[in-house]
Amino acid sequence: MKERHVWRFAEAGRRLASTATALGVQVPSFRTPPRVAGLDRTIRRGAGGSALISVRSRGRAWPAVLADMIEGVVHANDLTPHEASRLREALWKATEDIEADATAVAESPALPLPETTEVPRAA
């Protein structure tokens with residue numbers, strides 16, 4: 001289950017970044033969890049206008065996590081209401097099938113791992 005959780009967050013970040021690039025808006029970085037305890041989302045701006053969106057993903061419903069990621073992209077770009085609405089729509093569309101893809105990844109057969117061998121101790 002943990003693998004699906006990590007995969008969804010990473011895949012959402014990739015899709016949001018790709019869509020933002022295609023639309024010509026600033027592409028933020030994503031991380032989880034935020035450094036500030038008790039908050040679900042933080043935005044940290046760096047030198048040169050970069051933005052880091054931190055989202056708490058553990059113990060939250062996936063749609064809430066994704067909504068915070070999308071809103072982070074919108075807020076990082078400081079858009080007019082009309083532009084923000086168009087960006088939101090494009091970002092939701094780009095991420096609409098992540099849950100189905102994550103389920104397929106989680107249900108795929110595990111890769112065969114080699115048997116563990118005992119390593120002799122050094123004298």
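Tutor: What follows is a walk along helix H2, then out to the parts around it.

The model is predicted. The protein chain holds four helices and three strands. Along the sequence they run α-β-β-β-α-α-α. Of the 123 residues, 33% count as buried. Contacts across the sequence matter for the picture too: among contacts with a separation of 6 or more, 52% join residues 24 or more positions apart. The accessible surface is about 8200 Å², and carbon and sulfur atoms hold 56% of that area.

Now the helix. H2 covers residues 62–77. Check its length before anything else. Its 16 residues, at 1.5 Å a residue, should span 22 Å, and the end C-alpha atoms lie 23 Å apart, so the two values agree. The expected figure uses one less than the number of residues.

Next, its setting. Is H2 enclosed or open? Twelve of its 16 residues are buried, so the rest of the structure largely encloses the helix. The cut-off for buried is under 20% relative accessible area. Trp 62, Val 65, Leu 66 and Asp 68 are among these buried residues. Met 69, Ile 70, Glu 71 and Gly 72 are also on the list. Val 73, Val 74, Ala 76 and Asn 77 complete it. Note that Asp 68 and Glu 71 are included.

Ser 57 sits in the loop that links strand E3 (51–55) to H2. Its relative accessibility is 6%, so Ser 57 counts as buried. Beyond its neighbours within four places in sequence, Ser 57 contacts His 5, Phe 9, Thr 32 and Val 65. Val 65 leads back to H2, where it is one of the buried residues. Thr 32 leads elsewhere. A cis peptide bond joins Thr 32 to Pro 33, with omega about -5°. Pro 33 belongs to the loop between strand E1 (29–31) and strand E2 (41–45).

Ser 54 lies in E3. At 5% relative accessibility, Ser 54 counts as buried. Setting aside neighbours within four places in sequence, its contacts are Arg 31, Pro 33, Pro 34, Asp 40, Arg 41 and Thr 42.

Asp 78 follows H2. Its phi is near 50°, a positive value in a residue other than glycine. Asp 78 lies in the loop between H2 and H3. Is Asp 78 buried or exposed? It is exposed, with a relative accessible area of 70%. Asn 77, by contrast, is listed among the buried residues of H2.

The lining consists of Leu 23, Val 25, Leu 79, Glu 83, Arg 86, Leu 87 and Ala 90. Helix H3 (residues 81–95) gives the most to that lining, with four residues. By class, the lining has five nonpolar residues, no polar ones and two charged ones.

To sum up, H2 is largely enclosed, with twelve of its 16 residues buried.

Conventions
Residues are numbered from 1 along each chain as its sequence is written. This is a predicted model: local features need pLDDT of at least 70, side-chain atom pairs count only at pLDDT 80 or more; totals for chains, interfaces and linings use all residues. Side-chain values use heavy atoms; hydrogens and water are left out. On a 1 Å grid over the protein atoms alone, a cavity is a set of points where a 1.4 Å probe fits but cannot get out, and a pocket is an open set with protein on both sides within 12 Å along at least five of seven lines; lining residues have an atom within 4 Å of a point. Helices (H or I, at least four residues) and strands (E, at least two) are DSSP runs, numbered from the N terminus. Ala, Val, Leu, Ile, Met, Phe, Trp, Tyr, Cys and Pro count as nonpolar, Asp, Glu, Lys and Arg as charged, and the others, Gly among them, as polar. Buried means under 20% relative accessible area, exposed over 50%, partly exposed in between (1.4 Å probe, protein chains only). Contact means heavy atoms within 4.5 Å. Accessible areas come from the Shrake-Rupley method with a 1.4 Å probe; for residues, only the protein chains shown count as cover.
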